[in-house]
Amino acid sequence: QRLAGAMGVQLKMVQTSWGALIADMSNAARFDIALGGVSATVHRRLDVSFSAPYAYSGKTAVIRCNSTPAVRWQTPGALNTHALVIGVNPGGTNHKFVLQHAPNASVRLVLSARPPFRPRISAPCQRG
């Protein structure tokens with residue numbers, strides 16, 4: 001809302017998906033701006049413009065607390081096992097990353113924009 005106010009426009013939220021994000025913006029003109037976690041890939045740059053990045057991040061795995069110790073999953077290659085089920089948002093760079101680096105894992109598409117977990121940012125898993 002503060003960005004819209006600073007621009008002198010009214011904020012209107014529009015639902016989309018990672019797979020449809022660029023088409024919704026460029027072809028369908030459903031919205032003017034997308035914020036947060038949008039990777040500036042070469043393919044996307046063909047259709048839309050990107051601002052200077054305000055943050056840089058890589059891929060981060062969120063692992064269930066009662067799962068195998070997280071230290072086991074610290075490289076992309078470690079994800080490539082039949083013993084692992086990976087939940088991923090369809091159509092975006094995360095989906096492509098999983099298909100490329102973990103073809104042996106079982107992939108479940110998570111269609112909701114809301115995460116199916118409650119993040120524990122301030123405290124590590126409690127084991128015992």
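**Salt bridges.** I looked for salt bridges in this predicted model. I counted one salt bridge. It joins the side chains of aspartate 24 and arginine 30. The N to O distance is 2.9 Å. I noted that side chains of opposite charge can pair when their charged atoms come close.

**Burial of the pair.** Next I asked: is aspartate 24 buried or exposed? Aspartate 24 has 12% relative accessibility, so I put it down as buried. The cut-off for buried is under 20%. Arginine 30 has a relative accessible area of 39%. I listed arginine 30 as partly exposed.

**Nonpolar cores.** Then I turned to the cores. Which residues make up the largest nonpolar core? I found eight residues there: Trp73, Leu79, Leu84, Ile86, Val88, Val98, Ala102 and Ala105. I also found a second, separate core of five residues. Ile22, Met25, Phe31 and Val48 are among them. I wrote beside this that in soluble globular proteins, nonpolar side chains tend to be buried together.

**Second largest pocket.** Last, I checked a pocket. The second largest pocket holds about 200 Å³ of space. How many residues line it? I got 14 residues. Ile22, His43, Arg44, Gly91 and Lys96 lie nearest the centre of this pocket. α2 gives the most, with three residues. I sorted the lining by class as well: five nonpolar, six polar and three charged residues.

Technical notes. Residues are numbered from 1 along each chain as its sequence is written. This is a predicted model: local features need pLDDT of at least 70, side-chain atom pairs count only at pLDDT 80 or more; totals for chains, interfaces and linings use all residues. Side-chain values use heavy atoms; hydrogens and water are left out. A salt bridge is a side-chain nitrogen of Lys or Arg within 4 Å of a carboxyl oxygen of Asp or Glu. Buried means under 20% relative accessible area, exposed over 50%, partly exposed in between (1.4 Å probe, protein chains only). A nonpolar core is a set of buried Ala, Val, Leu, Ile, Met, Phe, Trp, Tyr and Cys residues joined through side-chain atoms within 4.5 Å. On a 1 Å grid over the protein atoms alone, a cavity is a set of points where a 1.4 Å probe fits but cannot get out, and a pocket is an open set with protein on both sides within 12 Å along at least five of seven lines; lining residues have an atom within 4 Å of a point. Grid points are joined across faces, edges and corners, and a volume is the space filled by probe spheres set on the points. Helices (H or I, at least four residues) and strands (E, at least two) are DSSP runs, numbered from the N terminus. Ala, Val, Leu, Ile, Met, Phe, Trp, Tyr, Cys and Pro count as nonpolar, Asp, Glu, Lys and Arg as charged, and the others, Gly among them, as polar.
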